[in-house]
Amino acid sequence: MAETSPATRSKKAQVNIIGLTKSDYRGAPTTLCQGCGHNSISSQIVAACYELGIQPENVLKFSGIGCSSKSPTYFLSRSFGFNGLHGRMPSLATGAMFADTSKIGIAVSGDGDTASIGMGQFKHVMRRNLPMVYVIENNGVYGLTKGQFSATAESGLQLKGHGTNPYMPIDIAWEAVVGRATLVARSFAGDPKQVKELLKAAISHNGISVLDIISPCVTFNNRDDSMHSYAWGKDHEAPLHELSYVPSREDIMIDYESGEIIEVTMHDGSNIILKKLEQDYDPTDRSNILCMLEEANKKNWLVTGLIYIDTDQPTLFDNYNLTETPLNRLPTSRIRPPIDTINKVNEMMF
Amino acid sequence: MTLPQTLQKDHQIKQEGSIVNDFSITVGTVNGSGSQTSNLTILRALFKMGIPVSGKNMFPSNIQGLPTWYTIRVSKDGFLARRESNEIVVAMNPTTFAQDLESLTPGGAFFYPDDLKMKIDRDDVVRYPMPVKELVRDSNAPRSLQDYVANMVYVGVLAQILGIDLEKINLALDFHFRGKEKPIKLNFDLITAAFKWAEENLEKQDKYRIESMDATQDYIMADGNTAAALGAVYGGVHFAAWYPITPATSLAEALVDYLAMLRMDPETGKNTYAVVQAEDELAAIGMTIGAGWGGLRAMTSTSGPGLSLMTEFAGLAYFAEVPIVVWDVQRVGPSTGLPTRTSQSDLNFAHFIGHGDTQNIVLLPGSVNECFEFGWKAFDIAERLQAPIFVLSDLDLGMNQWMTNPFEYPDKPIDRGKVLWEEDLEDISETWGRYLDLDGDFIPYRTLPGNQHPESAYFARGTGHDEYAKYTEDADEYRDLIERLKNKYESARTHVPEPIIEQRDGATIGLIAFGSTDPAVKEACYILENEDVLCDYLRVRAVPFTKEVKDFIANHERVYIVEMNRDGQLHQLLVLDYPELSMKLISIAYLDGLPASAKQIANAIRNKELNKHG
């Protein structure tokens, strides 16, 4: 149910290319903690969809269980959504996306939901290349159950009431690369501009986009020395490049010297412009990724930006030769075989 | 299934001293040796000779090497349940040779390879040694195939000794090898050679004979998994997700085959369906629920262990009111249990699956034909009631070949239930809410993703929600919601298939059963009738029970509940539903992994009846 209908909207409100205001993309008021990184990400999802001029009815939202998974309520009220089970969002989304493959899937999960209970489904949805944006709001703790270590918490992290984490962390971006996701990025909720540009790129990507976004938990894991805190992120963020998303309808106006930028053309004709910073990094070259991530780990850098992209892989739906009409709109006459086939079927039995 | 018309009539085939079309053949072989082809060939040839016949594969959870048995029952009177006694035994496996010999009834015929130098210490049976090795050596079979075709020798020898029509054997081979000339010829040549050898070298000494009849022309032969898959295809299934598990695997595989054949859109050459092999059963049902929520006719198929894994998602489907169909081809559990043996022990589990207050609709097909029928009906019920529907088949029904009535085209149009698209939302005068009971029938209206109407979207969830699908922990809202779900479940009593009742004049005791025990129960009633114990028989086809079930219990002095599980699960459900009638209900539950036999059931009822009066 829309919160603001076009009729009640102020005539002065700014509208996007399809005539909708930003309110048409908002959700219910958040019930997460004030200052939670997840709220910042929700805002960027609203902004990205608004700026891209996406019809909210064309988005399907998915989530699992946890603080992160509550957040789809807080954006895109006019989009259908399904808040499923802990760690099982990918399967639910896979089935749902088959209903109408022209829709845009935006899924939100957390580090517990994805890297602990949901590791299996996370790996398999990447392997299938389900065209969907898969955001992991990664804060290193279980918030809803009051601050237990998650699988992405760094070894040695101390949390009040939970002692010291003895285990090595799981690196979601690394898992995504190894898991053959076709778009992998990492970002930081404290860098909203980059989050938004990455979201736009991910929405345009025809395949699975895994966005590992460090999203500090202000209540349970925000000490300055924690690797999922705002302070640590601000001090250690090392962007791979300056990233901007250029929609297909706009010309690329910025004038770069050759060798300074990498331009990636997306399936829908839009472009991602990656401006070189200190180091050379080509996100289309798989062979360098793990070295780069390993080096960043050693140097304690929070590497952000587009880590990997491959725009040429077939998606899950490319394997199914589905009708142009969405499956969920096929009339019953097209899903029940005609009556004259039944005799043929009986003859095929013995 | 409906039994052949010859049922209960003493068929007029008699010859001095011989027993015609009324005995069982058991073949003991080594798993993976190709014996299934031989056994199915015999079964199908007998069927094509017009003789009522059933075949049951008693196989181990193993690819190659362990003992396996196949029992064929020929019954001129149309009784097709498993029998305990074997009149004909073929012992191809040295490991079980002694055991197989022991299982033979006195006067029975014993066939065995003459190179097995095993002790035969019974004088009351007829021996037929077969020169398997020589016949195979003399055949044209390539060396690599010799072990596989060796089992064709007993097909030929049995055909000659018992009188199985070679032409019909050829038809069976043609079907099995899908018309491929080379394997048909290779196998048939060996069968013919064995037949000729038997003609020249063996003298018939036993009394068992096969003779053509005309009792099968109105039937087809198929397995329940194929039938279920075909039913789903005609039910308009859009989406299936599955994970391999015996004995459900062949259901999904049949679905893949028949969808490709029947559900390519003729206008566009595109598919109107998708099947995904998931990474596990959690993902399989997760995808199914996603698709069901998305407005697809969605299903998954599994067996007990897989159903266990689906529990949390099943609760979500119940609570979020997502229509899906789950086939459970039951095997023996708990845990891995006996993966290749049959049972009816998931009834209570499927019915109550999910945590919290859940009661699910369960359909119980009792024949291969009914697997087809419930294959399409399950979708109509699921979408009408916006609920997960569990269809319980079992290994015996699902994987064995049964003679059954031909599949009938659905007699009702597809019912997609209460769905609102853009124009419906324009037309609707009331405010729409996903969980708002507008019609007072406990079933709300749903919208589907892709709907462009700005009022159409809602956020589905497993958490507490109000009538507009908004999150709430309000006590009244929650109570109202689960009460509506309960009432919706109760309303299913008028949507699910009614029971099948078979009555006998003057019967005062009743018998209730479900699923694949049907032929054994029917035969048990016949046995008991001959002893003047008259039973009416009601076959339950769904939970919740329809009114007829209660009436049946009320109208009988006592009612025996027959089922293949340890704890009497159907009995338990009946007691829960009809506590006032519970003193009439007597459980006859039995499970050893083998399909039920009429003798077991008749004995159990006879004993209880004797104790009652004695």
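Which strand of chain A is joined to S20(B), and how many bridges join the two? Strand S2 (residues 80-83) of chain A is joined to S20(B) by three bridges. The model is predicted: local features need pLDDT of at least 70, side-chain atom pairs count only at pLDDT 80 or more, and totals for chains, interfaces and linings use all residues. Residues are numbered from 1 along each chain as its sequence is written, while chains are lettered from A and ligands numbered from 1 in the order in which they are written.

View 1. S2 of chain A and S20(B) run parallel; two strands pair if DSSP finds at least two bridges between them. A:Asn83 stands opposite B:Arg461 in S20(B). Strands (E, at least two residues) and helices (H or I, at least four) are DSSP runs, numbered from the N terminus.

**View 2. The side of chain B that touches chain A.** Here 62 residues of chain B are in contact with 51 residues of chain A, contact being defined by C-beta atoms, placed from the backbone, that lie within 7 Å. Elements giving two or more residues to this side of chain B include helix H1 (35-48), helix H8 (224-234), helix H12 (311-320) and strand S20 (459-461). H10(B) gives the most, with nine residues. By type, the residues on this side of chain B divide into 37 nonpolar, 15 polar and ten charged. Ala, Val, Leu, Ile, Met, Phe, Trp, Tyr, Cys and Pro count as nonpolar, Asp, Glu, Lys and Arg as charged, and the others, Gly among them, as polar.

**View 3. Helix H19 of chain B.** Within H19 (residues 547-554) of chain B, the residues B:Val549, B:Phe552 and B:Ile553 are buried, that is, 20 or more other C-beta atoms lie within 10 Å of their own, with C-beta atoms placed from the backbone. These residues lie on the same side of H19(B), because they cover an arc of only 95 degrees around the axis; the arc is that of the directions from the helix axis to the C-beta atoms. The buried residues of H19(B) pack against strands of chain B, among them S21 (500-502), S22 (509-514) and S25 (558-563).

**View 4. Domains 3 and 4 of chain B.** The domain assignment, automatic or from a database, places domain 3 at 419-494 and domain 4 at 500-613 of chain B. Their centres, taken over C-alpha atoms, are separated by 40 Å.

Note on methods
A residue is buried if 20 or more other C-beta atoms lie within 10 Å of its own, exposed if 12 or fewer, and partly exposed in between; C-beta atoms are placed from the backbone. Two residues are in contact if their C-beta atoms, placed from the backbone, lie within 7 Å.
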